[in-house]
Amino acid sequence: MSELSRECEDFAGWLLESTESESPAWRDHLERCKGCRAQADAHSMLTSAFAAEPVPELSDAFESRLARRLAPELEIRPLAGWRRAAMVAYIVVSLILLGWSLRAVELPTIDLSAPWVPVAALVAVPLSLMLAIRVSGWLPAGLRPRGPGIVAA
Amino acid sequence: MDDAQLARELQRSGDPAHFEQLVERHRGAVFRLILSILGSGREGAAEELTQDVFVKVYRRIGQFRGEAKFSSWLYRIAYNQAVSYRSRARFRLPHYGEEVLAMTPSERPQDDPHQRATRAEIASAVKDCLDQLPHLYRSVLNLYYWMGMTVPEIGQTISAPDGTVKSYLYRGRARLQKLLDEKGIHHV
């Protein structure tokens, strides 16, 4: 708009403050200025075109639908705040108890070459990991489930 | 709490209550911005995209650094989402039936049927031409003339100063009028 004359700028400003597109005060200018005439015509046609168009609103179901879409993500939340503190406390207490029990109790000797040892390890490790995830609600960001929808990652 | 504080709390705790507050504050503006880019008659698609935007925001909240206003960050995502949808979708103007055409724009009792029909044709042509404008001009014109937003409100929505919004309105009207002239549509 910088190349406009002062009069054209004033007219453009007036147009934004007025519901009309013409006024006797601007008649002479509009007869002389093709650009402002076009502005007035476009303003008038736009005003008329949308006069009966209701201002759109979101439907009442918007929030419930959004909650449904986000439900899978809200179930598993990142480990933060009190959850992180609880997890750290849980690990520290578990290690102390483990250390104390190892010193106090004479453990049975295990033959590591026994065939059930690797099988037990294969079952126990993922099971304990799943249990920890379930208890803490934690999952690495890359493994968190994606909800439905067209949003690209 | 302001938007930035809510976003930080959401990043820290993942508490959905903070997210719900952000949705409550911005859902209307996001919907109107998206609809202003998609155009009249596409309210259903605009609502769906508004959902997508908030899902995306929830997933990407960790990327919000607080360097810009939260609303600017959010509206930028919404704008890009709408523009991307328009470029992907096979875009056609919604069909306006005889009854709809007869009702738009506002009927004036003193108008005869011929004048009403002419006004309806012009309204339809204006929407058609709006659809051909660049996204930014179409969006600003729709926000102003259809949604009834003021220049400062539009400025907040598209993260632009008032002078820039006025400039977009001016250039948008000029380009729209040029398209209408090419179609032989004139103000009555």
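How much area is buried between chain B and chain A? I began there, keeping in mind that this model is predicted. The answer I noted is about 4800 Å², and carbon and sulfur atoms give 62% of that area.

**Entry: the two chains.** I looked up who touches whom, and 55 residues of chain B are in contact with 43 residues of chain A. I then checked for salt bridges across the interface of chain B and chain A, and the rule finds 6. I also found B:Asp52 and A:Arg69 joined by a salt bridge between their side chains, at 2.7 Å from N to O.

**Entry: H3 and H4 of chain B.** H3(B), residues 43-60, packs with H4(B), residues 70-88, at an angle of about 130 degrees, and their axes are 10 Å apart. The two helices are therefore oblique to each other, and their crossing is right-handed. On the H3(B) side I listed contact residues including B:Leu49, B:Asp52 and B:Phe54, and on the H4(B) side B:Trp73 and B:Tyr85 are among them. Sorted by class, this contact has 12 nonpolar, 1 polar and 3 charged residues.

**Entry: H2 and H7 of chain B.** Next I turned to H2(B), residues 16-38, and H7(B), residues 135-146, whose axes come within 8 Å and cross at roughly 120 degrees. That angle makes H2(B) oblique to H7(B), and the crossing is right-handed. Among the contact residues I wrote down B:Arg32 and B:Leu33 of H2(B), with B:His135 and B:Trp146 of H7(B). By class I noted 5 nonpolar, 4 polar and 2 charged residues for the contact of H2(B) with H7(B).

Technical notes. Residues numbered from 1 in each chain as written. Chains lettered and ligands numbered in written order. Predicted model: local features only at pLDDT ≥ 70, side-chain atom pairs only at ≥ 80, totals over all residues. Heavy atoms only, no water. Axes fitted to C-alpha atoms, helices over the stretch in contact; angles between N-to-C directions. Helix = DSSP H or I, 4+ residues; strand = E, 2+ residues; numbered from the N terminus. Parallel < 35°, antiparallel > 145°, perpendicular 65-115°, else oblique. Left-handed = near helix turned anticlockwise from the far one by under 90°. Contact = heavy atoms within 4.5 Å. Nonpolar A, V, L, I, M, F, W, Y, C, P; charged D, E, K, R; others polar. Buried area = accessible area lost by both parts, 1.4 Å probe. Salt bridge = Lys/Arg side-chain N within 4 Å of Asp/Glu carboxyl O.
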